[in-house]
Amino acid sequence: MKRKELFSLGFLISNLCIAQVGINTPNPQATLDITLQEGYSTGDKAGITVPLLTGDQIEAILPTNIKPGTLVYSVSPSTAASKEVYNIGYWFWKNSSDKWEPLNSSSPTFFYSPSVVVITDVSDPSFGTIDLYNNYKSQFTTPMVSSIGSAGRIYTYNNSQLEYYITWYDTSVFTNVQISEKGVLTYQLSAGADTSKPSYMNVVFVVK
């Protein structure tokens, strides 16, 4: 009898290991399906918690075998000189290149590019090409001034997470204006363009 019970227990455990798991539900609709317990009333404990770690602890996790999508909660920013986890909140492991990324549910869907000089002097070696993405990333990650107690940097997207638009430019000055999928702007001067006075472009980044 005891042997039969052990066999039944082992059979049950093996099925649980390969089946969908439901908590407070007998019919899970996902790999892990968690619902409120029967008879739940307002004020009872609810929700899901993930590991609570400091930014230093998160950054100390070895990247070997971290599965993309791994979620943790940072209770304090990292103290490293070059921070990956720079704020309190939820962070997930994206991949070995991008590493830890914050969950920003309230992120804007678009924003304007930071200031950039559009050179009109054809003798300037930088004429005709501007890396809009790198200009944005360098200014956001190393701002010249930060408020007291701030993280000291602004969250940036990867270049593949953005679309790039120019909403206006002076067609009497610029022509053949194009932007690559990586955010590199190229342009030429229009014939007879007046370069004696400043000109500009309105550049918008859209989050995919």
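A search of the whole structure, which is a predicted model, finds one salt bridge. That salt bridge joins aspartate 98 to lysine 94, with the closest N and O atoms 3.6 Å apart, and lysine 94 counts as partly exposed because its relative accessibility is 25%. Aspartate 33, by contrast, is buried and has no salt bridge, the nearest side chain of opposite charge being that of lysine 67 at 18 Å. The search for aromatic pairs over the whole structure returns 14 of them.

**Overall architecture**

- The chain is built with three helices and twelve strands, and 24% of its 208 residues count as buried.
- The accessible surface of the chain comes to about 14,400 Å², and carbon and sulfur atoms account for 56% of that area.
- Of the contacts in the chain that link residues at least 6 apart in sequence, 43% are between residues at least 24 apart.

**Aspartate 33 and its surroundings**

- Aspartate 33 sits in strand 2, which covers residues 32–34, and what its side chain reaches is the backbone nitrogen of glutamine 29, at 2.8 Å.
- When residues up to four places away in sequence are not counted, aspartate 33 touches Val21, Gly22, Ile23, Thr25, Asn27 and Pro28.

**Glutamine 20**

- Glutamine 20 belongs to the loop between helix 1 (2–18) and strand 1 (21–23), and it counts as partly exposed because its relative accessibility is 46%.
- Although glutamine 20 and leucine 32 are twelve residues apart in sequence, their C-alpha atoms lie 6.1 Å apart in space.
- Once its neighbours within four places in sequence are left aside, glutamine 20 is in contact with Pro28, Gln29, Ala30 and Thr31.

**Serine 74 in strand 4**

- Serine 74 has its place in strand 4 and is buried, since its relative accessible area is 0%.
- A polar atom of the serine 74 side chain lies 2.8 Å from the backbone oxygen of serine 76, and the side chain of serine 74 also reaches the backbone oxygen of asparagine 87, at 3.3 Å.
- Leaving aside neighbours within four places in sequence, the residues in contact with serine 74 are Leu53, Thr54, Gly55, Ile58, Val85, Asn87, Ile88, Gly89 and Trp91.

**Aromatic pairs**

- The aromatic pairs, 14 in the whole structure, include that of tyrosine 73 and tyrosine 90, whose ring centres are 4.8 Å apart and whose planes stand at 80 degrees, so that the pair is edge-to-face.
- Because tyrosine 73 lies in strand 4 (residues 71–76) and tyrosine 90 in strand 5 (residues 89–93), this pair ties together parts that are 17 residues apart in sequence.
- Both members count as partly exposed, tyrosine 73 at 24% relative accessibility and tyrosine 90 with a relative accessible area of 39%.
- The rings of tryptophan 168 and tyrosine 200 have their centres 5.1 Å apart and their planes at 35 degrees, and the pair is therefore tilted.
- Tryptophan 168 lies in strand 9 (residues 162–169) and tyrosine 200 in the loop between strand 11 (184–189) and strand 12 (201–207), so this pair ties together parts that are 32 residues apart in sequence.
- Tryptophan 168 is partly exposed with a relative accessible area of 38%, and tyrosine 200 likewise counts as partly exposed, at 48% relative accessibility.

**Tyrosine 164 and the aromatic cluster**

- Phe111, Tyr133, Tyr136, Phe140, Tyr157, Tyr164 and Phe205 are linked by ring pairs into a cluster.
- Within this group, tyrosine 164 is placed in strand 9 and is buried, because its relative accessible area is 10%.
- The side chain of tyrosine 164 reaches the backbone oxygen of asparagine 159 at 3.0 Å.
- Not counting residues up to four places away in sequence, tyrosine 164 touches Tyr133, Asn159, Ile179, Ser180, Glu181, Lys182, Gly183, Val204 and Phe205.
- Tyrosine 164 and serine 113 are 51 residues apart along the chain, and their C-alpha atoms are separated by 9.3 Å.

Definitions and conventions:
Residues numbered from 1 in each chain as written. Predicted model: local features only at pLDDT ≥ 70, side-chain atom pairs only at ≥ 80, totals over all residues. Heavy atoms only, no water. Helix = DSSP H or I, 4+ residues; strand = E, 2+ residues; numbered from the N terminus. Buried < 20%, exposed > 50% of the residue type's maximum accessible area, 1.4 Å probe, protein only. Lys, Arg positive; Asp, Glu negative; His and termini not counted. Salt bridge = Lys/Arg side-chain N within 4 Å of Asp/Glu carboxyl O. Polar contact = N/O pair within 3.5 Å; in protein donor to acceptor, adjacent residues only side chain to side chain. Contact = heavy atoms within 4.5 Å. Areas by Shrake-Rupley, 256 points an atom, 1.4 Å probe, with all protein chains shown as cover. Phe/Tyr/Trp six-rings, centres within 6.5 Å; stacked < 30°, edge-to-face > 60°.
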